[in-house]
Amino acid sequence: MKKIILAILVLGGLWLGGTYVIGQTVESRLRQQVADLELIPGSDLVRLELSHYDAGLLGAEARTCLVLHRLPPDLAQLEAFSGTLCDRAEIRFGPLLFTDDGPALGLAYARGRLDLSGLPEPVTAMVDQVFQGQPPVTARTLYRFDGGLRVRAAVTPFQVSSAAGRASLGRLTLDVRSPRADAATGRFFITGRDLQVGGPLGAATLPALDVDITVSELLGDVLPLMDMTLAATGLSMTRGGREQFTGDLTLRTRSRRQGDTLAGDLGLWLDGLGGDAVPAALASGYLGLAYQGIDSAAAVRAQRLSRELDRLRIEMIVGALADDQVALEANAAQARQLGEELVTVLTRELLRPDRSGLTMLAVLDGDKGRPLTLDGRLDYRGLDGLNASLAELRMLPPAGLLRLVDLALNLDADPGLLPPPLRANLAGPMQAGLVAHRDGRLVSRLMVRDGALTVNGEPLAPAALMAPGADLSAGP
């Protein structure tokens, strides 16, 4: 009996000791997770802060709040609300956890809710009325032993109506599966159901929204490589009681490494098209784009410069509102310098002559055939095999600009697809030789190769593209 009691005491001590260690680990991870979040990249004007963490033996209570800092005088009154918009979380320590999805093993499990009690009473009363006393947003987080986490955040369903309009939501959730709490990679799911909004100008309804995003890598901590699929089913827009547009939309984008360059593609599908704003001849459509040969190091640098420019723009707005001319001029000077660097990266480094390119295909289908086909390919050649600076590009005549690329573009369209105003203005492009009328179809075959431009097999002066009806001679 004494041995059994001793074993129980030892196991209990190990359990409690393990729980204490887990609690310390969870607090450290949570503080790091909050510290790493940037609501405005590169700026501390708005940030999250772990303002309270009260740990016990088996769990903890945490409060993470939105903090406003360094606001200009015109917005200083908003700092009174700093720390009032908070997430309150109840955390239970592992290793055995009882989650909303059943028992699980892990470091901890947190149940959080958006707490607006610190806001003015009229605001909280309105929110309580919309969400019927429930927290507007809730979240569940499972911290795993391997450092990863699983999160489900949900907006509470609501239905509201007034003289100004109406809105309702059946479901909106975000699910996250990340390999590390501080990682930007992972898989993200957004699920929406029965989204409706309406007002005097019209209404929109979306019965189903599903988004699946996989971020496989974050280049330079700023540029994500990812696959994304978005499906919007049953989208409908009405105005004046009549349906203007209805259809299903699917979007697929992918980006990936290709040696020391980047490549990717995009596909957009439209099905079940209808409504007053959609030509009767259309039933579905597709747009596809694919690119390759983007210098990965230059793309990362361009993204970093863009983020820094965004930060400076915010600081310049703050400086203008605060009437701080010194800070405003300093930030403006830095922004000009970074803008020049960004232009240099985009013109001299981002593209690779003879490796960068783009392909495109667009089709529209109807019950009686295919009203539109547009396909093209662009291959970047550079200027004598090199990237030109912006100053050099500005000095090039139209014929010189054509030397930068090889291009093939093919159009085949039903004239009935064009709105009457466009059909009435076809005479100019047809006279210029840009468009031909063959077998009841509008066709155009445009090619650029080695600096020479042809349209429908005939040489064409580059200026004719910009001034239809001008001299079509391909000579000097």
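Visitor: Where do I start?

Guide: With the ground rules: residues are numbered from 1 along each chain as its sequence is written. In this predicted model, local features need pLDDT of at least 70, side-chain atom pairs count only at pLDDT 80 or more, totals for chains, interfaces and linings use all residues, and side-chain values use heavy atoms, with hydrogens and water left out.

Visitor: How many disulfides does a search of the whole structure find?

Guide: A disulfide is a covalent bond between the sulfur atoms of two cysteines. The test used here is a pair of cysteine sulfur atoms within 2.5 Å. The search finds one disulfide, and it joins Cys65 to Cys86, with an S to S distance of 2.0 Å. Cys65 lies in strand 2 (residues 59-68) and Cys86 in strand 3 (residues 86-93), so the pair ties together parts that are 21 residues apart in sequence. Strands (E, at least two residues) and helices (H or I, at least four) are DSSP runs, numbered from the N terminus.

Visitor: Are Cys65 and Cys86 buried or exposed?

Guide: Both are buried. Buried means under 20% relative accessible area, exposed over 50%, and partly exposed in between, using a 1.4 Å probe and protein chains only.

Visitor: Which residues have a positive phi without being glycine?

Guide: One is Asp384, with phi of about 55°, in the loop between strand 18 (369-380) and helix 5 (390-395). Another is Asn456, with phi near 55°, in the loop between strand 22 (452-455) and strand 23 (458-459). Asp384 is exposed, with a relative accessible area of 65%, whereas Asn456 is buried, at 17%.

Visitor: How should I read a salt bridge?

Guide: Side chains of opposite charge can pair when their charged atoms come close. The rule here asks for a side-chain nitrogen of Lys or Arg within 4 Å of a carboxyl oxygen of Asp or Glu, and the count comes to 27 salt bridges. Among them, Asp100 and Arg140 meet at 2.9 Å, N to O. Asp100 lies in the loop between strand 4 and strand 5 (102-105) and Arg140 in strand 7 (residues 137-143), so this pair ties together parts that are 40 residues apart in sequence.

Visitor: Which salt bridge partner does Arg311 have?

Guide: Its partner is Glu308, with the closest N and O atoms 2.5 Å apart. Arg311 and Glu308 are three residues apart in helix 3 (residues 296-321), a separation of about one helical turn. Arg311 is buried, at 16% relative accessible area, while Glu308 is partly exposed, at 25%.
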